[in-house]
Amino acid sequence: MKDKIINKAKEMFLKLGFKSITMDDIACEMCISKKTIYKYFSNKDILIEESIDLLHKEVKETMDAIISKNYNAIEENFEIKRMFREMFKSAESSPIYQLKKHYPDIYNKVLNIQVSICEDCFRKNILKGIKEGLYRENLDVENYVKFYYTLIFTINENTMLEKESHELELKALEYHIRAMATLAGIIELEKHLQNPIL
């Protein structure tokens, strides 16, 4: 039951926002009593934290699945972007923006997990791209990881609408790849830009 509540809460929080969804809404949606929810979660903040933990786990698993498909580094970036688009397509406002605005304590707690998942993924992608000859050999990998991470998180923290956030993230991805790409990388990038992530 606890897992079912976390799953449903995660789904509802993403779709309608962390602030607007109440424990009553979740109980009503699941046809259970509010008392049942409180048996597992003493307050909404704990439920939000556990929902975000589940989301992080799902994001990490999906990213690992994409990486295991052996796309080239640039294709991999676009596939990961597509995955995020799919995961958050029902969200009207950016989940990170909402958390930072309405639940800053939770936001600060989960930030480190988000940072480490993203930095690890970006680092591996850059090293892979260098190996494949799609990114330049002399890159300062750690700084490029920080540049891209800062871009993505600044967009998410400050852009309320998920659709607008998605469009800016795509521009940031193009900017990131162009900054690192060899001629072969630019050709590969242009190919993916012809097939936009809607």
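The protein chain exposes about 10800 Å², of which carbon and sulfur atoms supply 55%. The model described here is predicted, and in it buried residues make up 47% of the 198 residues in the protein chain. The secondary structure comes to 10 helices and zero strands, and the C-alpha trace spans about 60 × 30 × 25 Å along its principal axes.

**Overall organisation**

- From the N terminus on, the elements of the protein chain run α-α-α-α-α-α-α-α-α-α, in keeping with a secondary structure of 10 helices and zero strands.
- When contacts between residues at least 6 apart in sequence are considered, 71% of them join residues at least 24 apart.

**The nonpolar cores**

- In soluble globular proteins, nonpolar side chains tend to be buried together.
- The largest nonpolar core of this model holds 49 residues, and the members that touch the most other members are I26, L47, L99, I126 and Y135.
- Two or more residues of this core come from each of helix 1 (2-16), helix 2 (23-30), helix 4, helix 5, helix 6 (95-102), helix 7 (104-131), helix 8 (141-158) and helix 9 (162-180).
- Helix 7 gives the most to this core, and its share is nine residues.
- L47, one of the members of the largest core that touch the most others, is in contact with I5, I6, A9, F13, M23, I26, I37 and F41 when its neighbours within four places in sequence are left aside.
- A second, separate core has 10 residues, and L55, V59, I66 and F88 are among them.

**Helix 4 against helix 5**

- Two packed helices are described by the angle between their axes and the distance between the axes.
- For helix 4 (residues 44-67) and helix 5 (residues 73-87), the axes come within 10 Å and cross at roughly 145 degrees, and the crossing in which helix 4 passes helix 5 is right-handed.
- On the helix 4 side the contact is made by L55, E58, V59, T62, M63, I66 and I67, and these meet E76, E79, I80, M83, F84 and M87 in helix 5.

- Not counting residues up to four places away in sequence, H56 touches V110, I113, Q114 and I117.

**Two loop residues with positive phi**

- C31 is found in the loop between helix 2 and helix 3 (34-40), and its phi is near 55 degrees, a positive value in a residue other than glycine.
- C31 has a relative accessibility of 71% and therefore counts as exposed, since exposed residues are those over 50%.
- N70 is found in the loop between helix 4 and helix 5, and although N70 is not a glycine, it has a positive phi of about 60 degrees.
- At 66% relative accessibility, N70 also counts as exposed.

Conventions: Residues are numbered from 1 along each chain as its sequence is written. This is a predicted model: local features need pLDDT of at least 70, side-chain atom pairs count only at pLDDT 80 or more; totals for chains, interfaces and linings use all residues. Side-chain values use heavy atoms; hydrogens and water are left out. Axes are lines fitted to C-alpha atoms, for helices over the stretch in contact, and angles run from 0 to 180 degrees between N-to-C directions. Helices (H or I, at least four residues) and strands (E, at least two) are DSSP runs, numbered from the N terminus. A crossing is left-handed if the near helix is turned anticlockwise from the far one by less than a right angle, and right-handed if clockwise. Contact means heavy atoms within 4.5 Å. A nonpolar core is a set of buried Ala, Val, Leu, Ile, Met, Phe, Trp, Tyr and Cys residues joined through side-chain atoms within 4.5 Å. Buried means under 20% relative accessible area, exposed over 50%, partly exposed in between (1.4 Å probe, protein chains only). Accessible areas come from the Shrake-Rupley method with a 1.4 Å probe; for residues, only the protein chains shown count as cover.
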